[in-house]
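Trainee: I have a new model open and would like to learn how to read it. Could you walk me through the main features?

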Amino acid sequence: MESAEAADHCRQKLQRYASWTRAPQPPPHTAVKLRTGCRYLAGQLEKIATGTYGQCEECEERIPQARLRAVPGALRCAPCQTAFERRHGKRPHL
Ligand SMILES: [Zn+2]
């Protein structure tokens, strides 16, 4: 995913989150999802703005396009992600 495309993806998600907050009966998971989701999306948009989108947070190598397509907004390349999950336990991807 190119950064322009990723930015659109983030904005669409933020709009969806915003629509939940206006719903008369928000889905029960909304509060948690909003909190983690907004923090994550803000981080992604900041990376896109600073040109570090698609860069691995651990080794600072470019994350392969194939991986970014499969996992939009991936924070790490596949080897670093595997190592991270081994250290911290698997986290659900948003
Ligand atoms: Zn890496």
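**Reading the fold**

Mentor: Gladly! The chain has 4 helices and 0 strands, and its elements run α-α-α-α from the N terminus on. Keep in mind that this is a predicted model. Along the principal axes, the C-alpha atoms fill a box of roughly 45 × 30 × 20 Å.

Trainee: At what angle do helix H1 and helix H2 pack, and how far apart are their axes?

Mentor: The general idea is that two packed helices are described by the angle between their axes and the distance between the axes. Here, H1 (residues 3-22) and H2 (residues 30-50) pack at about 155 degrees, with their axes 10 Å apart. Angles over 145 degrees count as roughly antiparallel, and H1 and H2 are therefore roughly antiparallel to each other. H1 passes H2 in a left-handed crossing. Residues making the contact include Leu14, Tyr17 and Trp20 of H1 and Leu34, Leu41 and Ile48 of H2. By class, the contact has 11 nonpolar, 4 polar and 1 charged residues.

Trainee: Which residues form the largest nonpolar core?

Mentor: In soluble globular proteins, nonpolar side chains tend to be buried together. In this chain the largest nonpolar core has 5 residues: Cys56, Ile63, Leu68, Ala74 and Cys77. Leaving aside neighbours within four places in sequence, Cys77 is in contact with Cys56, Cys59, Glu61, Ile63 and Arg67. Of the chain's 94 residues, 15% count as buried.

Trainee: Why does helix H4 lie largely in the open?

Mentor: Of the 11 residues of H4 (residues 78-88), the number buried is 1, so H4 lies largely in the open. Just after H4, Gly89 takes a positive phi of about 85 degrees.

How values were computed
Residues are numbered from 1 along each chain as its sequence is written. This is a predicted model: local features need pLDDT of at least 70, side-chain atom pairs count only at pLDDT 80 or more; totals for chains, interfaces and linings use all residues. A nonpolar core is a set of buried Ala, Val, Leu, Ile, Met, Phe, Trp, Tyr and Cys residues joined through C-beta atoms within 7 Å. A residue is buried if 20 or more other C-beta atoms lie within 10 Å of its own, exposed if 12 or fewer, and partly exposed in between; C-beta atoms are placed from the backbone. Two residues are in contact if their C-beta atoms, placed from the backbone, lie within 7 Å. Helices (H or I, at least four residues) and strands (E, at least two) are DSSP runs, numbered from the N terminus. Axes are lines fitted to C-alpha atoms, for helices over the stretch in contact, and angles run from 0 to 180 degrees between N-to-C directions. Angles under 35 degrees count as roughly parallel, over 145 as roughly antiparallel, 65 to 115 as roughly perpendicular and the rest as oblique. A crossing is left-handed if the near helix is turned anticlockwise from the far one by less than a right angle, and right-handed if clockwise. Ala, Val, Leu, Ile, Met, Phe, Trp, Tyr, Cys and Pro count as nonpolar, Asp, Glu, Lys and Arg as charged, and the others, Gly among them, as polar.
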